[in-house]
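The sequence and structure are shown first.

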Amino acid sequence: PGSAAVTAAYAPAVPAPRDSLPAAPESADEVFARAVRHQDEHVIKLADTCLDVHQRTGHSDALAAVVRATELISEP
C-alpha cells in the first residue's frame, strides 16, 4: 500500500522514452559512489536496493535506475 501511494504521487504522467534514459554506469561501485555524492538519503537507499537487484540478476537497468534517480531528485 505505501509503495503504491509513493508511485502514484511521483510517477510521471507519461513514461520517458527508453532511449532517453541514462546508460548504466560501468560498475556497481561507481553507482553507489554517485549516490553517496548526491547525499540524498532516498537516493542512497534506492542505490542499495538496486545494487542488490543487480547483484542477483545482472540486469543493468537496476544500475541505470540509480543514475536516473540522481537526475530526478534535487540535491540537498
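This is a predicted model: local features need pLDDT of at least 70, side-chain atom pairs count only at pLDDT 80 or more; totals for chains, interfaces and linings use all residues.

The dialogue below takes up the core, the helix pairs and a loop in turn.

Q: Which residues form the largest nonpolar core?
A: In soluble globular proteins, nonpolar side chains tend to be buried together. A nonpolar core is a set of buried Ala, Val, Leu, Ile, Met, Phe, Trp, Tyr and Cys residues joined through side-chain atoms within 4.5 Å; buried means under 20% relative accessible area, exposed over 50%, and partly exposed in between (1.4 Å probe, protein chains only). Here the largest such core has 9 residues: V31, A35, V43, A47, C50, L51, A62, L63 and V66.

Q: What is V31 in contact with, beyond its neighbours within four places in sequence?
A: Contact means heavy atoms within 4.5 Å. With those neighbours set aside, V31 touches P25, L51, L63 and V66.

Q: How are α3 and α4 oriented, roughly parallel or roughly antiparallel?
A: Axes are lines fitted to C-alpha atoms, for helices over the stretch in contact, and angles run from 0 to 180 degrees between N-to-C directions. Angles under 35 degrees count as roughly parallel, over 145 as roughly antiparallel, 65 to 115 as roughly perpendicular and the rest as oblique. For α3 and α4 the angle is about 165°, with axes 8 Å apart. That makes α3 roughly antiparallel to α4. Their contact joins V43, L46, A47, C50, L51, V53 and H54 of α3 to A62, L63, A65, V66, A69 and T70 of α4.

Q: How many residues of this contact are nonpolar, polar and charged?
A: Ala, Val, Leu, Ile, Met, Phe, Trp, Tyr, Cys and Pro count as nonpolar, Asp, Glu, Lys and Arg as charged, and the others, Gly among them, as polar. The contact of α3 with α4 has 11 nonpolar, 2 polar and no charged residues.

Q: At what angle do the axes of α2 and α4 cross?
A: The axes of α2 and α4 cross at roughly 20° and come within 10 Å. The two helices are therefore roughly parallel to each other. A28, V31, R34, A35 and H38 of α2 meet L63, V66, V67 and T70 of α4, a set that divides into 6 nonpolar, 2 polar and 1 charged.

Q: Where does Q39 lie, and what is its phi?
A: Most residues other than glycine have a negative phi. Q39 has a positive phi, near 80°, and lies in the loop between α2 and α3.

Q: Are Q39 and D40 buried or exposed?
A: Q39 counts as exposed because its relative accessibility is 59%. D40, also placed in the loop between α2 and α3, counts as buried because its relative accessibility is 16%. The C-alpha atoms of D40 and S74 are separated by 8.3 Å, although these residues are 34 apart along the chain.

Notes: Residues are numbered from 1 along each chain as its sequence is written. Side-chain values use heavy atoms; hydrogens and water are left out. Helices (H or I, at least four residues) and strands (E, at least two) are DSSP runs, numbered from the N terminus.
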